Amino acid sequence: MHHRAWHWIAMGAVLAALAVISLGTGVIHIPAGEVVSALQGSGDAATVSIIRNLRLPRIVLAALVGAGLGMSGSALQGTLRNGLAEPYLLGVSGGAAVGAVIAFAFNATNDGIIALAAFAGAGVAVLLALLVARAAGRAGRGDPRTLLMAGVVIGAFANAVIMIALANAPPNTIRGALWWMMGSVADSSWAALPWIAGFIALGAGLLIYWAREIDLLALGDEPAAALGVNVESSARRIYLLAALLAASTVAAAGLIGFVGLIVPHIVRAAGIRNHRPLIVGAGLVGAALVISADLAARTIRPPGELPLGAVTAVLGVPFFLAQLRKSA
Amino acid sequence: MLHKRFVALLLLAATTSCARDATQGAPEADDFGDPIIVRSAPRRIVSLNPATTDLIFALGAGDRLVGRTHWDVYPEAAKAVRDLGSGIRPNVEAVLGVRPDLVILYASKDNRAAASELRTAGVNTLSLKIDHIADFYYASRTIGRLLGDSARGAIVADSVERTLKRVRATTQSLDKPTVFWHIWDAPLITIGRGSYMNELIEIAGGRNIYGDVDQTSPAVSIEDVLKRNPRYIITGPEGSLKIMKDPRWSEAPAVRDRRILVVDTAIVGRPSVRLGEAAESIARLLHPKELN
């Protein structure tokens, strides 16, 4: 128990430190003292605005998105008993993106509508994947590997739908949609944050509440059933919840892959196996990971920014391949 | 006809000092390196670039246009011309379907294959990379020549050039306020040195804060714009509404002090016949006291 406490302190400290570093770093140099006073609302109005309206909402959104993806990935990896599962690879993010891009194509600018469209898309993608896995599987909820494969194919299908939706869009819309599909927290604003914070908090709460069931599902279908879990309905419920958690991140920040893949592994490497602490830890580590990826995205090549999803993919793909080798 | 050819030759001789001309003796080539072929005046023209569509109307050949891109909506009469879709990677079959005898393309890498395919099909092509103001002068003279009306091509180029010179002369001695041109909000896109819009700002008596960036339309971060602290923000009507209601822009001095200049995107949107008008309108916005 003693060493566990240290893990939590370390995760919390790293997250806090990264948030502070990120707040103090940008193309405009703002000394630490001014950052602190700007946070309190005093000092030069422009500096206050940069800290409070540009950097802070961005960091908060990065943290929320990272936490959502990390938790979603943990739940999916546990439920599917597959260390390679994550919302991006399962087609969940792709489905959400289809919903959002269709909303864009109809000129929707309201955050709420785009979020709802993303939820609908993610929901359809999940149902499709479950149907395919069930049709292919022998019994019950189907083979988790089939589900993973179905997810990958549905992701490819989602991509095709997006390309078709964008084929005849005006150049600036295409550039905007592509940018969004590559993931970014650059357009974060205080007005939109309560929505995503609410969705992530709700999803996180329910996942933590059902964490014991994930523990049992992770043992395998038969042991779980023997221990009194209604395997099919329980797995479906958690899968859907993880999908909605991922969809809310997609609605807020576009497609950010591989965070949901890497984060649970990092937390498990710290010796945390039970899903309740694992999900909480994945939230903290995910937040820290996306905050640092975004810090890189906005400082590596000024005056422009790198797409956040590309930065996480550059980090994530080698990790994915290493995991694949380990599991093979 | 013969007479026109003669005038064309004279004008050609007069314009060979142009820096863009190929080495002497070799046939003149377009921006894809394809030889420029001047045959009898084309009767069925497809223009796959909004700037050349506008130009062809100015050259009095609008009635010979049989195809345009989806985005060519100026002048108003262009809307009546058949919409052939995108001007980048165009649908070659659709282009051939309107039986053109001249197709004018924007010379970007994406269009290289289309130009070759059209030439293979026996259709004359002219591929021009019109990014800068000088490119427009060249386009006007060259297209005029192909249309068998070099005189008019030269007149259009000259009149734009004269207007721009006049605007430059009036702004020369004035202060040069810094300008951020807001093209698009997500991602935030502006203009760099590679764009005619950068030249328009300079001629109008301003200084583009991203004039040091080589690209045509670089994506930049808001924080970097705040750092460069432009005196003015130029944008279209939509862009100005977006900036005004976005809290991230609220403390930018240009926004706080209402120095957002709204330009008519119909005038400044293409490097074409309205370049002079565009520079003039921007100059008036940048220097209201001195020029109005």
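Q: Where in chain A is A:F258 found?
A: A:F258 is found in the loop between α11 and α12 (259-269) of chain A, where helices (H or I, at least four residues) and strands (E, at least two) are DSSP runs numbered from the N terminus. The model is a predicted one, in which local features need pLDDT of at least 70 and side-chain atom pairs count only at pLDDT 80 or more, while totals for chains, interfaces and linings use all residues. Residues are numbered from 1 along each chain as its sequence is written, and chains are lettered from A and ligands numbered from 1 in the order in which they are written.

Q: Why is A:F258 called buried?
A: A residue is buried if 20 or more other C-beta atoms, placed from the backbone, lie within 10 Å of its own, exposed if 12 or fewer do, and partly exposed in between. A:F258 has 25 other C-beta atoms within 10 Å and therefore counts as buried.

Q: What is the phi of A:F258, and what is that of A:R81?
A: A:F258, although not a glycine, has a positive phi of about 75°, and A:R81, also a residue other than glycine, has a positive phi near 50°. Most residues other than glycine have a negative phi, and most peptide bonds are trans. A:R81 is placed in the loop between α3 and α4 (92-105) of chain A, and with 14 other C-beta atoms within 10 Å it is partly exposed.

Q: What makes α8(A) roughly antiparallel to α11(A)?
A: Helix α8 (residues 193-209) of chain A packs with helix α11 (residues 231-253) of chain A at an angle of about 160°, their axes being 9 Å apart. That angle makes α8(A) roughly antiparallel to α11(A), because angles over 145 degrees count as roughly antiparallel, under 35 as roughly parallel, 65 to 115 as roughly perpendicular and the rest as oblique. The axes are lines fitted to C-alpha atoms, for helices over the stretch in contact, and angles run from 0 to 180 degrees between N-to-C directions.

Q: Which residues of α8(A) and α11(A) meet, and how do they divide by kind?
A: On the α8(A) side they are A:I196, A:F199, A:I200, A:G203, A:L206 and A:L207, which meet A:L241, A:L244, A:L245, A:S248 and A:A252 in α11(A), contact requiring that C-beta atoms placed from the backbone lie within 7 Å. The residues of this contact divide into 9 nonpolar, 2 polar and no charged, where Ala, Val, Leu, Ile, Met, Phe, Trp, Tyr, Cys and Pro count as nonpolar, Asp, Glu, Lys and Arg as charged, and the others, Gly among them, as polar.

Q: How many residues of chain A are in contact with chain B, and which element gives the largest share?
A: In chain A, 22 residues are in contact with 17 residues of chain B. The largest share of the chain A side, 6 residues, comes from α3(A), and that side divides into 11 nonpolar, 7 polar and 4 charged residues.

Q: What makes β2 and β4 of chain B the edge strands?
A: The open sheet has 4 strands in the order β2-β1-β3-β4 (chain B), with parallel pairing, and two strands pair if DSSP finds at least two bridges between them. Each of β2 and β4 (124-128) of chain B pairs on one side only, as edge strands do. Strand β1(B), by contrast, is joined by 2 bridges to β2 (residues 65-67) of chain B and by 4 bridges to β3 (residues 102-106) of chain B. B:I45 stands opposite B:L65 in β2(B), and the bridge partner of B:S47 in β3(B) is B:I104.

Q: How do you know that B:T178 is partly exposed?
A: B:T178, which lies in strand β5 (residues 178-181) of chain B, has 16 C-beta neighbours inside 10 Å and so counts as partly exposed. B:T178 is 52 residues from B:P230 in sequence, yet their C-alpha atoms are 5.0 Å apart in space.

Q: Which residues does a cis peptide bond join, with omega about -10°?
A: That cis bond joins B:Y74 and B:P75, and B:P75 has its place in the loop between β2 and α3 (92-97) of chain B. A cis peptide bond with omega about 0° joins B:A186 and B:P187.

Technical notes: Contact = placed C-beta atoms within 7 Å.
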